[in-house]
Structure formats: structure tokens, C-alpha cells
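Thanks for making the time, everyone. Please have a look at the structure on the screen, and then I'll walk you through it.

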Amino acid sequence: MAASSAEEDKYRPFLRQDIERNTKWRYGTPSYEAVNKLFEEGRTNVWAPGSLEDQVQTIVKQWEMEMFHKLDFQENRSVDPEKYTFSLNGRKSINLEEKRKLGGGYIPLLQTSLPEKLRPYNPYAETADSSHKAFITAFPRGFALEILHVYSGPPEIVYKFRHWGYMEGPFKGHAPTGDKIELYGMAIFTLDENSKVVKVEFFYDPAELLGGLLKGGEFEDSAEDADASCPVLRNTG
């Protein structure tokens, strides 16, 4: 369930109804109840409140929440929308408008240089909504995130992360396996003088994620597109 007006998500302090009551959400107010439980059961470290690792974990989780769920870039509290850029694996940085044109959602996170016929999953054939539906269907409890190590603090935060989830639903015509799928990587978040994120750089192998999702037997995927108001789409990692 979403946080009440008097409470906040304990890992995402910006997610409060009293300060987000007019926010335009892509799928309705996001719910992190399931993925928070997955995170608490599977994390390898419990960082002390207020520690550098705890602060970085909060920054990244809040950034992720806004990037996936807010429709209006100007409503983002974690980033400066005028200065923000994103890059994956050393590619040319893109701003928020270029990210929207690329498709948004998971698409910028799964960019590939493979020829189209060799792509096991083609992010450029997806929309923000179709890619979000595909991954939320595959990971109904979400795709949890933890910070493993912080190498430097603000203003240039360099950290190692781990994502994990259980493939308990189908993915693009592949049957669920129930297996735990993990993704490890590095990232650099640059903050400005107002502690807003202005530059994000990710470094990881998308095949770590896609390989596990494509292990299940193939079948005809006849699922209809989910409506954007579907409560399942509010779950996230």
C-alpha cells in the first residue's frame, strides 16, 4: 500500500502523499510494500541510519522512483531537470527530453549495440509502458536494489550496486522459472550545490538480467496490454 499522508516510505522519503498530492503519476501512486519486503529479506548489508551508504541508497532509490513513475520532469525532486544527463556504459549522455524520445522507462537502461537480428530483447521496439509491464510481470514482487559499497561521497558519488528479483511471471513469451536473477554494476551520481542529481552514469552488463529472463521455455505470449491504472504496474524495484 502507498504511504499515508502522515507517513513516508522508509526508503524513499519523497514518497509522501502530503507533498505529492498533486503529482502526475504514470500508473497511480507507486507501491513499494512488496519490494521493500524483498529488499529486507535479501539484502547483504544493513547500513547504519545516516551513514554514507544509507544516504546513497536513499538517493538512488528516490531517483529510481521518480524516473519510472513521474510523468512531469519538472515534478522531480531528486534531480535538476534542466541540467540532468544520463549515460549507460560510456555512451553519449542524453538529457531528459532525449530520454523521453528514446522511450523512457527501462529502455535507456537496456541500450544495445547488437544488430537487431541478434538482440534477444529489443528495447527499441518497446515503449516505456510496454517495457515496464514486461518486467513487472516477470518480477511481481519487484526488482530490489541495495548499495554494496560506496567508493566516494558527494558531490561525485561512486558506488557498487546489486539488483535482484525472482522470475515468478512470464517474460516476452518465456515461461517463469522461479529463479533468483541478480544484476551487479557500478554507477556514478553527480550532485550539484543543492544536492540535486545532475549526472548519472551506469556501468553493467544487461545480459546478466536478460539471460536469466530468457531461460524459461517459449510459449505464445497472448497477454493483452495492461491499462496504465492497473495496480500491478505501481509495483516497482
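Lys-83 is partly exposed, because its relative accessibility is 40%. Its side chain meets that of Asp-192 in a salt bridge, 3.2 Å from N to O. Asp-192 is buried, with a relative accessible area of 12%.

Before I go further: this is a predicted model. Mean pLDDT for the protein is 90, and 90% of the residues reach 70 or more. Two stretches need care. Residues 1-6 stay under 50 in pLDDT, and the model gives them 13 contacts beyond four places in sequence. Residues 222-232 are also below 50, with 11 contacts beyond near neighbours in sequence. Where pLDDT is low, predicted coordinates should not be read in detail.

Back to charges. How many salt bridges does the count come to? The count is 17. Take Glu-20 and Lys-70: their closest N and O atoms are 2.9 Å apart.

Next pair: Lys-24 and Glu-75, at 3.0 Å from N to O. This one links the loop between α1 and α2 to the loop between α3 and β1, 51 residues apart. Lys-24 is partly exposed at 41% relative accessible area, whereas Glu-75 counts as buried at 18%. The cut-off for buried is under 20%, so Glu-75 falls inside it.

Now helix α2, residues 33-42. Which residues are buried here? They are Val-35, Asn-36, Leu-38 and Phe-39. An α-helix has 3.6 residues a turn, so residues three or four places apart point the same way. On the other side of α2, Glu-33 and Glu-41 are exposed. And what covers the buried residues? The cover includes α3, β3 and β4.

Staying with α3, look at Gln-62, which lies in that helix. Gln-62 is buried, at 7% relative accessible area. Beyond its neighbours in sequence, Gln-62 contacts Tyr-11, Arg-12, Pro-13, Phe-14 and Ser-78.

On to the nonpolar cores. The largest has 41 residues. Phe-135, Tyr-159, Phe-189 and Phe-202 have the most contacts inside it. Eight elements each supply at least two of its residues: α3, β1, α5, β3, β4, β5, β6 and α6. There is a second, separate core of 10 residues, and Leu-15, Val-35, Phe-39 and Trp-164 are among them.

Let's zoom in on Tyr-159. Tyr-159 counts as buried, at 1% relative accessibility. Beyond four places in sequence, the residues it touches include Val-56, Val-60, Ile-147, Met-186 and Phe-202. Phe-189 is on that contact list too, and Phe-189 is buried at 0%.

That brings us to rings. The count of aromatic pairs is 17. In one of them, the ring centres of Tyr-121 and Phe-135 are 5.8 Å apart and the planes stand at 75°, so the pair is edge-to-face. Tyr-121 is in the loop between α4 and α5, Phe-135 in helix α5, and they are 14 residues apart. Both ends are buried: Tyr-121 at 6%, Phe-135 at 2%. Tyr-159 and Phe-189 make another edge-to-face pair, 5.6 Å centre to centre with 65° between the planes. Tyr-159 lies in strand β4 and Phe-189 in strand β5, so this pair ties together parts 30 residues apart in sequence. Ring pairs also link these two into a cluster with Trp-63, Phe-86, Phe-161, Phe-202 and Tyr-204.

One last stop: Leu-110, in the loop between α4 and α5. Leu-110 is buried, at 6% relative accessibility. Its contacts away from its sequence neighbours are Leu-88, Tyr-121, Pro-123, Phe-135, Pro-206 and Leu-209. Its C-alpha atom is 9.0 Å from that of Asp-205, which is 95 residues away along the chain.

That's the tour. Questions, please.

Terms used
Residues numbered from 1 in each chain as written. Predicted model: local features only at pLDDT ≥ 70, side-chain atom pairs only at ≥ 80, totals over all residues. Heavy atoms only, no water. Helix = DSSP H or I, 4+ residues; strand = E, 2+ residues; numbered from the N terminus. Buried < 20%, exposed > 50% of the residue type's maximum accessible area, 1.4 Å probe, protein only. Contact = heavy atoms within 4.5 Å. Salt bridge = Lys/Arg side-chain N within 4 Å of Asp/Glu carboxyl O. Core = buried A, V, L, I, M, F, W, Y, C linked by side-chain atoms within 4.5 Å. pLDDT = per-residue confidence, 0-100. Phe/Tyr/Trp six-rings, centres within 6.5 Å; stacked < 30°, edge-to-face > 60°.
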